Amino acid sequence: MSTTRPDDDRVVLQARDVRFDFAGLRTDWIPGEPFASHVIDVLHLLLPEGERWFVEVFSQVLPMVHDEALAEDVRGFIGQEAMHAASHQGALDHLLDAGVDVSRFVEQVEWIFSELLGERGLTGAEAREWLVERVGLIAAVEHFTAVLGDWILHSPELDAAGADAEMLDMLRWHGAEEVEHRSVAHDLYTHLDGRYLRRVRAMLVGGPALAKLWTDGTAQLCARDPQLRGTPQRRTRLRDYVRAARRGLVPGPWVFARAVLTYLNPRFHPARHGDTDAAIAYLAVSPAARRADGRGDGREDTA
Ligand SMILES: [Fe+2]
Ligand SMILES: [Fe+2]
């Protein structure tokens with residue numbers, strides 16, 4: 001099956017060699033908002049293992065790609081996701097060093113990606129089918145990462161709330177690259193299989209699984225944050241989420257509902273959604289991306 005895009009917005013994907021320094025980062029890096037901080041921190045629990053799994057699956061699939069432009073995209077995707085995993089690993093290590101002991105939850109996440117979604121000792125046609133199934137699942141998850149990337153690029157409420165600049169840069173650099181490469185997993189799935197019902201099934205499995213992991217991860221972070229010991233914030237409540245979403249500090253439920261409905265449209269293609277211009281504009285000013293490109297961090301422009 002050929003790979004088609006509704007418009008020609010192809011970006012040459014490059015992995016930027018970014019570095020982040022989280023030394024001294026507060027656990028409520030959105031000051032006074034530990035709940036909202038931890039909702040976003042769930043990314044650090046899921047993505048190191050999750051994105052390494054993306055890289056593993058896509059590396060195995062690469063020889064099955066018979067379209068040079070798509071193969072180039074897949075290689076760019078692999079490079080970007082490997083950097084994302086490493087950057088979120090740094091944030092996770094910082095959380096663990098700060099005494100937020102979520103190691104058991106992280107072990108469960110590792111089991112999901114290495115065992116449940118890992119190799120199954122299959123060969124031949126069965127091995128290929130299991131690979132395609134996982135590419136379909138990654139395409140569904142990548143729709144959410146693109147939607148979240150778009151959200152974080154358009155979240156001035158986090159700046160207004162005084163969110164930590166280093167963490168915000170990490171999230172926006174990552175979000176911008178998610179928007180940049182948002183079509184790759186979908187195009188790869190279309191190239192290998194493309195069946196609509198299989199795509200729907202991936203969303204019906206991946207969407208609720210992600211929601212459950214996110215809810216449990218937030219609860220774990222709040223329960224195990226030493227700064228919240230003895231406070232009512234140790235226990236997470238639905239109304240905390242509603243309040244944080246109304247204030248624009250976390251994506252609201254409508255963001256996810258719209259994402260699912262959009263995905264279920266048989267004519268869905270990621271290129272029709274998301275703001276590539278905003279992603280490119282952010283990567284031009286991101287301090288970490290500028291340092292990676294040898295352009296300084298932008299501060300000297302205003303000195
Ligand atoms: Fe990523
Ligand atoms: Fe991604």
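What share of the 303 residues in the protein is buried? In this predicted model, the buried fraction comes to 40%.

## Overall fold

This one is helices from end to end: 13 of them, with zero strands.

If you look at contacts with a sequence separation of 6 or more, 84% of them link residues 24 or more positions apart.

## The core

The largest nonpolar core takes in 70 residues, and the ones with the most contacts inside it are Ala36, Val74, Val135, Ile138 and Leu188. Helix H1, spanning residues 34-61, supplies the largest share of this core with 14 residues.

Take Ile138 as a closer look: leaving aside residues up to four places away in sequence, Ile138 touches Phe54, Val57 and Ala185.

## H1 against H8

H1 also meets helix H8 (residues 196-224); their axes come within 8 Å and cross at roughly 115°. The crossing is right-handed.

On the H1 side, the contact is made by Pro34, Phe35, His38, Val39, Asp41, Val42, Leu45 and Leu46. H8 answers with Leu213, Trp214, Gly217, Thr218, Leu221 and Cys222. Sorted by class, that contact has 10 nonpolar, three polar and one charged residues.

How values were computed. Residues are numbered from 1 along each chain as its sequence is written. Chains are lettered from A and ligands numbered from 1 in the order in which they are written. This is a predicted model: local features need pLDDT of at least 70, side-chain atom pairs count only at pLDDT 80 or more; totals for chains, interfaces and linings use all residues. A nonpolar core is a set of buried Ala, Val, Leu, Ile, Met, Phe, Trp, Tyr and Cys residues joined through C-beta atoms within 7 Å. A residue is buried if 20 or more other C-beta atoms lie within 10 Å of its own, exposed if 12 or fewer, and partly exposed in between; C-beta atoms are placed from the backbone. Helices (H or I, at least four residues) and strands (E, at least two) are DSSP runs, numbered from the N terminus. Two residues are in contact if their C-beta atoms, placed from the backbone, lie within 7 Å. Axes are lines fitted to C-alpha atoms, for helices over the stretch in contact, and angles run from 0 to 180 degrees between N-to-C directions. A crossing is left-handed if the near helix is turned anticlockwise from the far one by less than a right angle, and right-handed if clockwise. Ala, Val, Leu, Ile, Met, Phe, Trp, Tyr, Cys and Pro count as nonpolar, Asp, Glu, Lys and Arg as charged, and the others, Gly among them, as polar.
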